[in-house]
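Please read them alongside the structure.

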Amino acid sequence: MGDFTLDLNEDQLQMQQWVHDFAANVIRPVAAEYDEKEETPWDVIQEAANIGLYSWEAVSNWFADPTGLTFALVSEELAWGCAGIALSLMGTTLGVSGIVGNGTPEQIAEWVPQCFGTADDVHLAAFAVSEPDAGSDVSNLRTRAVYDEAKDEWVINGTKTWITNGGIDKVPNVHVVVASVDPALKGRGQASFVVPPGTPGLSMGQKFKKMGIKASHTAEVVLDDVRVPGHCLLGGKEKLDSRMARAREGQSSRVQAAMSTFEASRPLVGAQALGIARAAYEYSLEYAKERKAFGRAIIENQGIAFKLADMKMEIDSARLLVHRACWMGRNGKEFTAGEGSMSKLKAGEVAVWVTEQAIQILGGYGYVREYPVEKWHRDSKIYTIFEGTSEIQRLVIARAISGIRIP
Ligand SMILES: Cc1cc2nc3c(=O)[nH]c(=O)nc-3n(C[C@H](O)[C@H](O)[C@H](O)COP(=O)(O)OP(=O)(O)OC[C@H]3O[C@@H](n4cnc5c(N)ncnc54)[C@H](O)[C@@H]3O)c2cc1C
């Protein structure tokens, strides 16, 4: 029992410090600029690639930590710098999760390094599930993948929306697309496909202007008779065919192409939300000690001091849930109570609440763009929406704890 510890080990502390320095020295100084410009921060991505932070080697090193915590620590620090820029770097890992969650070892070895490229030839990746009429309801995808047996190719048609890094063609971009092979089987008739960079027929539709995380590119992806080789079906055709056969016979299965990816990535998305919350908490704590009203620092009022106490407590409790889910995921523990969803739900809602409190503590200064706090609030809101809205996370938890398929 004496082995239990919540202390970070030396490797984790070093990695945390390294990424924190990058966030403080490279990301923060340009955060407001990219928020205004609403453009992908190529110079930051390049710098991260130059020092090896944006690379498959780094990500596999984070994944390898047997406690599962390193990737969460990295995500929190990057988002502490700027969540939009963090997502420009981490968006690629969504595509990677799609490959790792569904691919064979050979497919993982072939495609994952291509998602990052090298410092001399930076690549990106995107994970395209959501559609105009299927966001929360991912079982209802309209994008179709049809097998052309004569050519051993899959032909994909449809429109994806809200896709992080979607359709960017400035650098080679690996798209992982979830499509329906047999719509009658809903989620169990879906599969994930790698669409290699430069494949004809894949293009960017509308690029969205957003409330927050503006440095992160979000766009529609149009798939018009996109043809990919048979081996681009993640997991392979044999596995898909047998899964669909089992579904047609009415046998139960727990695997859905999109859902297995989300399970793995939700705690890390929660860790990003924590980074925003911590940034706002730290800033408003210092501000409250400096700012004077009625002849004393505003923190000397319980109304402000208690707010900061609650902010710190909420952030720490959310972090414990995130770290628990990361540890469980890495150590093969089953999420019997929706622990992955719980971590993302709590961290997302804490980030929205904490950043709003921070605005209140800064008063008028919290509301204007000269100060960073209003941006953190705008950035935080997406964390209750993407990778499953807060309502959907509650649904996952409620179903897990009750065993009832609550609609
Ligand atoms: C900036 C950004 C980046 C994104 N990046 C990606 C990406 O890289 N890849 C990708 O595939 N998608 C991405 N998304 C899509 C995102 O995951 C979806 O927006 C999200 O899943 C919600 O889907 P929706 O917008 O269609 O909302 P809807 O599903 O239409 O939901 C609308 C509202 O109804 C509620 N609701 C729906 N069903 C239920 C229910 N059964 N019970 C209770 N409430 C319910 C929802 O919680 C929500 O409040 C991104 C979105 C944004 C905005």
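Which residues of H4 are buried?

1. The buried residues of H4 are Thr70, Phe71, Ala72, Leu73, Val74, Ser75, Glu76, Glu77, Leu78, Ala79, Trp80 and Gly81. That is twelve of its twelve residues, and the helix is mostly covered. A residue is buried if 20 or more other C-beta atoms lie within 10 Å of its own, exposed if 12 or fewer, and partly exposed in between, with C-beta atoms placed from the backbone.

2. This is a predicted model: local features need pLDDT of at least 70, side-chain atom pairs count only at pLDDT 80 or more, and totals for chains, interfaces and linings use all residues. Residues are numbered from 1 along each chain as its sequence is written.

3. Helix H4 covers residues 70-81 and reaches 17 Å from first C-alpha to last, close to the 16 Å expected at 1.5 Å a residue (1.5 Å times one less than the number of residues). Helices (H or I, at least four residues) and strands (E, at least two) are DSSP runs, numbered from the N terminus.

4. An automatic or database assignment gives domain 1 (10-122), domain 2 (124-248) and domain 3 (257-402). The C-alpha centres of domain 2 and domain 3 are 31 Å apart.

5. Twelve residues of domain 2 are in contact with ten of domain 3 (C-beta atoms, placed from the backbone, within 7 Å). On the domain 2 side, strand S7 (190-195) supplies the largest share, three residues.

6. Gly135 sits in the loop between strands S3 (124-128) and S4 (144-148). Gly135 counts as partly exposed because it has 17 C-beta neighbours inside 10 Å.

Technical notes
Two residues are in contact if their C-beta atoms, placed from the backbone, lie within 7 Å.
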